[in-house]
Amino acid sequence: MSVHHEQLKQLYHGFDKESLKTSFLDHLEFSLGRDTYTSTPLTAFQSLVLTIRDRLIEKWLKTQQTYYDLDVKRVYYLSMEFLMGRSLGNSLINMGLLADFEEAMRELGYDLDELRQVEMDAGLGNGGLGRLAACFLDSMATLEIPCYGYGIRYEYGIFRQKIVDGCQVESPDNWLRYGNPWEIPRPEYLYPVNFYGKVLQYKSSSGKLVSEWIDTEQVMAMAYDIPIPGYHNNTVNTLRLWSALATREFDMKYFNDGDYMRALREKNESEIISKVLYPNDNNYSGKELRLKQEYFFVSASLQDIIRRYKKNHNTFDEFPEKNAIQLNDTHPALAIAEMMRLLVDVEGVDWDKAWDITQKTFAYTNHTVMPEALEKWPVSMLESILPRHLQIIYEINYRFLESVRLRYPDDVAKWKRMSLIEEGPQKSVRMAYLAIVGSHSVNGVAALHTEILKRDLFHDFYDFYPERFNNKTNGVTQRRWLHKCNPRLSALISEVIGEGWITNLYELKRLEPYAEDSAFRAQWRAVKLANKESLAKLIERETGVKVSIDSMFDTQVKRIHEYKRQLLNVLQVIARYNRIKDNPNADFVPRTVIFGGKAAPGYKMAKLIIKLINSVAYLVNNDPGVRNLLKVVFLADYRVSLAERIIPATELSEQISTAGTEASGTGNMKLGLNGALTIGTMDGANIEIYEEVGPENIFIFGLTADEVQQLSSTYDPRFYYSSNAELRRVLDMIRDGFFSPHQRDLFHPIYHSLVDGGDRYMLLADFQSYLDCQQRVDETYVQPDKWDRMSILNTARLGKFSSDRTIMQYAQEIWKVQPVKIEISSSRGKKNGC
């Protein structure tokens, strides 16, 4: 490379301030056709991203080339969801360039914080599942694990939520409206994905059974790549998202005949596959589209993985030694059948060898203990859309049940329970069972969750394959969920213990002695107060409600679902309201109760709970007798960027799911890491948080999972309703229209689901224990030194809950993959190794 070329490269792609400015202005003019006079916030943001992306490209290319040159084992993380949020701030932090870009932008007349707000959240997920996947990608890049993430490039992500008259109203999340400057289209990686058709089977000249899937409808999958930089290293991994394209743009014959809609029908029907995250599957068309989405992305991903493997290998003998494929929940389980189809039908591998390769390659993470949440696909639908895969699943099931019968020759009931095919009025394929049988590892995501899988949900499979089951407690990346989202607290922590915690969260343990330092506690309290002030301004701007920063900020932000029990929180808010009204001169601890979360569009009860929250909020916030003793707010359109504003300001974290229903939860980790104290049940990862922080630093209430199970057969919610006057008053207010004077029966479904409908999630059984625990919270909050000490110790003792720890366990115990250091032979990197 010539000296002149190196000088130009340094000028445009260097890491010093002047090079950053030159590159930014160059992109503004030559990539976007603007100058500093005609620039808009959007074009400035786009130019900034392109400037950053330039500095990732060399590392990105070097990372991929190193993986090829060393022929390393790679991890492929298959997930229907990647809830990435905004990438700008995270990329600058991981590259070590935040301060440099702040200064460079300021000298050019731009405010970096304002430009960061221009970025739209990449809402390619619904909640914890997708956010976990995003955290894992960050950790794998930081830990230098060779990895690809695979998913769908949804044109419309998780819907935008508006609150209109207290009700959730959904509108499309057109996050790609202005394009995505982070992504690079890869039209050279275009794969056919087939649907429908029929299977032609015949014997070859050698006597081998051949299966041909013919007369199919074809869709093309095109790759879009997004760089995932590690923290202060040279690793840049890839998130590859698939977009659906029609094989033909339109039918010329229909177009020439003037039937323009029909001319475009094939294109529209093909491309709808990657149009929307989670179509409403309350109808057949929605279910069919969902199945197509799942197969579309696993087929394209596996074709891509096999193409990459074949660059260095002529046979499949080493495939499991070079590839580890992780199924993030049951959605990608069709990958088991698709891998068998590709190996047997396309690559000509015999069945037994292909099955051995498949089992050694795949691993399955389960994310739910709710039986109804385990995907099942009607046999009739699979037979129509994926006929060859249904044949393969039948063959897998036949061979598997033969082995079951050998071990349990007389247990017919067990054969039926373990079959991949569920008999009944609608014959279905149990996709979780397919994932278990086709994988060498099955893991839960919290200790309790894994025990429930082994004891209850998958007990027969645990008996059959005990060595496959293991636990990998979830974690979160501290780089986003403390260092980025809470710069004030991050700076305070680093000031006293250094920055080692950013890559080794166990380092936070060194904060423990500072819990006894009154000066440090005062600084800790000041940080929280400043964060509360920022959130209070956002609340007033978004809702019009003015909240006091001297009140306790009590937060429950998560997907709205009955088992997560936002409704239990509402019941205690009403009880607190009644107490204030009954005793206006009593000494109450002021509270601001903050809700946030989306309900699935077809989930009527969850949407009614949102309406109740907002109805209670309206009454409470407009009652002059309540004063500032209680405020209730629902922050609409909960998303990653909003979470980053709420979490640093939260003081009490509500983790109140019915024991035995939450697989893990990661909101509890994010909030605790930022110094919030947890009020919660012994459910999911709450148990492990309890073990880490100590019983004296957490507020636990309610039934345990064992107690829930014991009570379930005799549970009578009306007993609690009749015997608890305070609870009865609250429920009667809901029933009698106190919060819906214009439609008295509006909330009858909520009342009846609790009192007459079985109260599936045992809110009434836990109500009094919850109220008593809230009283302990109040008593602690009025002792600021005690509260701050507990807050510091919560942060200090949550080192276990880093996704770095989780990923290292996956890497060592499941994937058997080693870190690969990426070397850049250039003087252009920063002193921190970037």
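Two strands count as paired if DSSP finds at least two bridges between them. In this predicted model, six strands form an open sheet with parallel pairing, in the order β21-β20-β19-β22-β23-β24. The edges are β21, residues 630-635, and β24, residues 699-700, each of which pairs on one side only. In general, strands of a sheet pair through backbone hydrogen bonds, either parallel or antiparallel.

Strand β19, residues 552-557, runs parallel to β20, residues 591-596, and six bridges join the two. Within this pairing, T555 has I594 of β20 as its bridge partner.

Helices pack on this sheet. Helix α22, which spans residues 518-543, touches β19, β20 and β21, and its direction makes about 70° with that of β21. Helix α33, residues 784-796, touches β22 (652-655), β23 (677-680) and β24. The direction of α33 makes about 90° with that of β23.

Helix α22 also has a helical partner. Two packed helices are described by the angle between their axes and the distance between the axes. For α21, residues 487-497, and α22, the angle is about 165° and the axes lie 9 Å apart. The two helices are therefore roughly antiparallel, since an angle over 145 degrees counts as such. The crossing of α21 past α22 is right-handed. On the α21 side, the contact involves R488, L489, L492, I493, E495 and V496. These residues meet F520, Q523, W524, V527, A530, N531 and S534 of α22. By class, eight residues of this contact are nonpolar, three are polar and two are charged.

Several loop residues also deserve attention. Most residues other than glycine have a negative phi, and most peptide bonds are trans. D71, in the loop between α3 (41-70) and β1 (74-78), has a positive phi, near 50°. M762 likewise has a positive phi, near 55°, and is located in the loop between α31 (748-755) and α32 (763-781). Is M762 buried or exposed? Its relative accessible area is 4%, and a residue under 20% counts as buried, so M762 is buried.

D165 occupies the loop between β5 (160-164) and β6 (167-171). With a relative accessible area of 67%, D165 is exposed, because the cut-off for that class is over 50%. D165 and I700 are 535 residues apart along the chain, and their C-alpha atoms are separated by 35 Å.

Definitions and conventions. Residues numbered from 1 in each chain as written. Predicted model: local features only at pLDDT ≥ 70, side-chain atom pairs only at ≥ 80, totals over all residues. Heavy atoms only, no water. Helix = DSSP H or I, 4+ residues; strand = E, 2+ residues; numbered from the N terminus. Contact = heavy atoms within 4.5 Å. Axes fitted to C-alpha atoms, helices over the stretch in contact; angles between N-to-C directions. Parallel < 35°, antiparallel > 145°, perpendicular 65-115°, else oblique. Left-handed = near helix turned anticlockwise from the far one by under 90°. Nonpolar A, V, L, I, M, F, W, Y, C, P; charged D, E, K, R; others polar. Buried < 20%, exposed > 50% of the residue type's maximum accessible area, 1.4 Å probe, protein only.
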